[in-house]
Amino acid sequence: MDSPDLARRARPSPSDRHPGHAGSGLARLAGLLADDTRALFCLALLDGRAWTAGELARLAHVAPSTAGEHLDKLVAGGLLAQERQGRHRYVRLAGPSSARLVEELAAHAGPPPAARSLREASANTAMARARTCYDHLAGRLGVAVTDALLEQGLLRQEAGFAVTAAGMRWFGGLGIDLGARPYGRRPQARACLDWTERRPHLAGAAGAALCRHALEAGWCERIGTRRALRVTGAGRRALGELLGLTGADLDGGTAGTSGTAETAETSV
């Protein structure tokens, strides 16, 4: 007679018994991010830009061949999209849904490890103050802008965010016609949980359009080569006039540290 231990070892797993088991797809997706290097790649790509495989390898301090193996898995799993130009391979997040998944998982993962150097601390400060989250504004800046839009009745918050009629006119005043843009299945507005503030900021088509306008109008500029942003003098004036935001709203409790943070090479 077989022993109970042998019987248990011979018993098939749920995925063996049902190859199309409902949990198998979720398990595969979770496995893609269950690696420090692959997770770091995805966080870096939240800047919304395309990176070369070599740039990501240098970021993670891994060999190009190792980076290539990780990227193959992320592309095959649908989290990343790639294109080749000559001998260069460029990768980016596959779309807003991939960015939302990464950002929200980062929010649930808790705060990052303590900074190990002044340079790293300055970079973290800059990221917390203002950054892009794929293609919309995040950090204290993103949350402050979202709060102001809600307070002025330009957004409403129920199950999620929605742009009000007054908000449509406000965006129109910036030259952004939310009603005429073909967004496909992307929502006009949605809430994205901010991983540093632990509160929602505006995402969706409206969030992307506002971020693009802030960069094109010179309200914000990128710091270094990553996601951190700095609000310019023109941006402070515009955000003050349009949304009533002050320096305290934009800087939080970090006044006096901007000189260091803005010159640091920001981390992901």
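**Strands, cores and rings**

Modeller: Strand S1 and strand S3 (residues 88-93) pair in the antiparallel sense over two bridges. Two strands count as paired if DSSP finds at least two bridges between them. This is a predicted model, in which local features need pLDDT of at least 70 and side-chain atom pairs count only at pLDDT 80 or more, while totals for chains, interfaces and linings use all residues. Residues are numbered from 1 along each chain as its sequence is written, and side-chain values use heavy atoms, with hydrogens and water left out.

Colleague: Which residue stands opposite Thr-52?

Modeller: Tyr-90 in S3.

Colleague: What is the strand order in that open sheet?

Modeller: The order is S1-S3-S2, with antiparallel pairing. Strand S1 (51-52) and strand S2 (80-85) are the edge strands, each pairing on one side only.

Colleague: Which helix lies across S2 and S3?

Modeller: Helix H6 (residues 64-76), running at about 45° to S3. Axes are lines fitted to C-alpha atoms, for helices over the stretch in contact (heavy atoms within 4.5 Å). The angles run from 0 to 180 degrees between N-to-C directions.

Colleague: How many helices and strands are there in the chain?

Modeller: The protein chain has 14 helices and eleven strands. These are DSSP runs numbered from the N terminus: helices are H or I with at least four residues, strands are E with at least two.

Colleague: And what about the hairpin of S8 and S9?

Modeller: Strand S8 (residues 190-193) and strand S9 (residues 200-203) pair in the antiparallel sense over four bridges. Arg-190 has Ala-203 in S9 as its bridge partner. Six residues sit between the strands, and Arg-198 takes a positive phi near 60° in this hairpin.

Colleague: Switching to burial. What share of the residues is buried?

Modeller: 41% of the 268 residues in the protein chain. Buried means under 20% relative accessible area, exposed over 50%, and partly exposed in between, with a 1.4 Å probe and protein chains only.

Colleague: Which residues touch the most other members of the largest nonpolar core?

Modeller: Leu-141, Leu-149, Phe-171, Leu-239 and Leu-243, in a core of 32 residues. Elements that give two or more residues to this core include helix H9 (139-151), helix H10 (165-173) and helix H12 (233-243). A nonpolar core here is a set of buried Ala, Val, Leu, Ile, Met, Phe, Trp, Tyr and Cys residues joined through side-chain atoms within 4.5 Å. A second, separate core has 23 residues, among them Ala-53, Leu-56, Leu-71 and Leu-79.

Colleague: What does Leu-239 contact?

Modeller: Neighbours within four places in sequence aside, Leu-239 is in contact with Leu-141, Val-145, Trp-219, Val-231, Gly-244, Leu-245 and Leu-250.

Colleague: How many aromatic pairs does the search find?

Modeller: One in the whole structure. The ring centres of Trp-170 and Phe-171 are 5.1 Å apart and the planes are at 85°, so the pair is edge-to-face. Rings of Phe, Tyr and Trp (its six-membered ring) pair if their centres lie within 6.5 Å; planes under 30 degrees apart count as stacked, over 60 as edge-to-face and the rest as tilted.

Colleague: Is Trp-170 buried or exposed?

Modeller: Trp-170 counts as buried, because its relative accessibility is 14%. Phe-171 is buried too, at a relative accessible area of 0%.

Colleague: Last one: what does Ala-162 touch?

Modeller: Not counting residues up to four places away in sequence, Ala-162 touches Leu-154, Leu-155, Arg-156 and Ala-189. Ala-162 is in strand S7 and counts as partly exposed at 22% relative accessibility.
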